[in-house]
Structures are given as C-alpha cells and as structure tokens.
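Me: Could you walk me through this one? I'm new to it, so please keep things plain.

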Amino acid sequence: MRITLKRSGGFGGIRTTASLDFSNLPKTKVAEAQGLIDAAKFFDLPASIRPERPQPDRFQFDLTIEADDRAHTVSIAEEAASKELRALLAWLQKNLKT
C-alpha cells in the first residue's frame with residue numbers, strides 16, 4: 001500500500017506533499033493505518049468533501065491511497081472531514097515523510 005497526502009491552504013498557504021510506502025513500515029504501524037482507513041471508510045468516500053460554507057485559512061487535503069489493485073483520491077476541506085477522517089489525517093501527518 002502507498003499513501004500520498006498533499007496539504008495546502010492554512011494561514012501561510014504553504015503546500016506540502018508527503019508519501020508513505022507501507023512495505024517499509026513495521027506491522028504494528030501498518031495495522032494502525034489500516035484500522036484508521038477502514039474506520040473512515042476511505043474507499044467509499046466521494047472524490048470531494050466540502051462544507052456548505054468554506055472557512056478561510058483552513059487546510060485542504062488531497063489524499064490518495066493505493067492498495068492492492070485499487071486506488072482512490074479524495075479532496076478534503078479540513079472543516080468538512082468526519083471525526084474518523086480527521087483521525088486518519090492526523091495519523092498520516094504524524095507518520096508521513098515530506
């Protein structure tokens with residue numbers, strides 16, 4: 001599995017891109033990530049998650065997960081993310097390398 005997370009927006013407007021190849025991770029980390037991906041139902045999410053009213057200076061995430069023979073990308077406005085999706089994004093930001 002491979003994950004790529006692009007973040008933009010925020011007060012400074014700084015863009016970052018980070019990726020993670022699961023073949024290089026300990027099994028405990030892979031299990032943590034897989035649990036968060038499953039809890040967020042990532043592969044069932046629409047391509048874009050937006051609030052009714054955008055908020056200024058919030059982050060925008062473009063998250064791509066490639067697993068087995070499938071890949072899915074979701075564009076996420078920070079303020080519109082579910083609790084489960086926020087947990088996945090927080091884990092990824094902590095564990096991904098830029």
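Reply: Helices (H or I, at least four residues) and strands (E, at least two) are DSSP runs, numbered from the N terminus. This is a predicted model, where local features need pLDDT of at least 70, side-chain atom pairs count only at pLDDT 80 or more, and totals for chains, interfaces and linings use all residues. Residues are numbered from 1 along each chain as its sequence is written, and side-chain values use heavy atoms, with hydrogens and water left out.

Me: What is the bridge partner of serine 48 in β5?

Reply: Strand β3 covers residues 48–49, and β5 covers 70–77. Two bridges join them, and they run parallel. The partner of serine 48 is serine 75.

Me: In what order do the five strands form the open sheet?

Reply: Along the sequence the pattern is β-β-α-β-β-β-α. The sheet has mixed pairing, and its order is β2-β1-β4-β5-β3.

Me: Which strands stand at the edges?

Reply: An edge strand here has a single partner, so one side of it is left without a neighbour in the sheet. That is the case for β2 (16–21) and β3 (48–49).

Me: What share of the 98 residues is buried?

Reply: Buried means under 20% relative accessible area, with over 50% exposed and partly exposed in between (1.4 Å probe, protein chains only). In the protein chain, the buried share is 34%.

Me: How much of the contacts with a separation of 6 or more comes from residues 24 or more positions apart?

Reply: A contact means heavy atoms within 4.5 Å. For the protein chain, the share is 64%.

Key: Two strands pair if DSSP finds at least two bridges between them.
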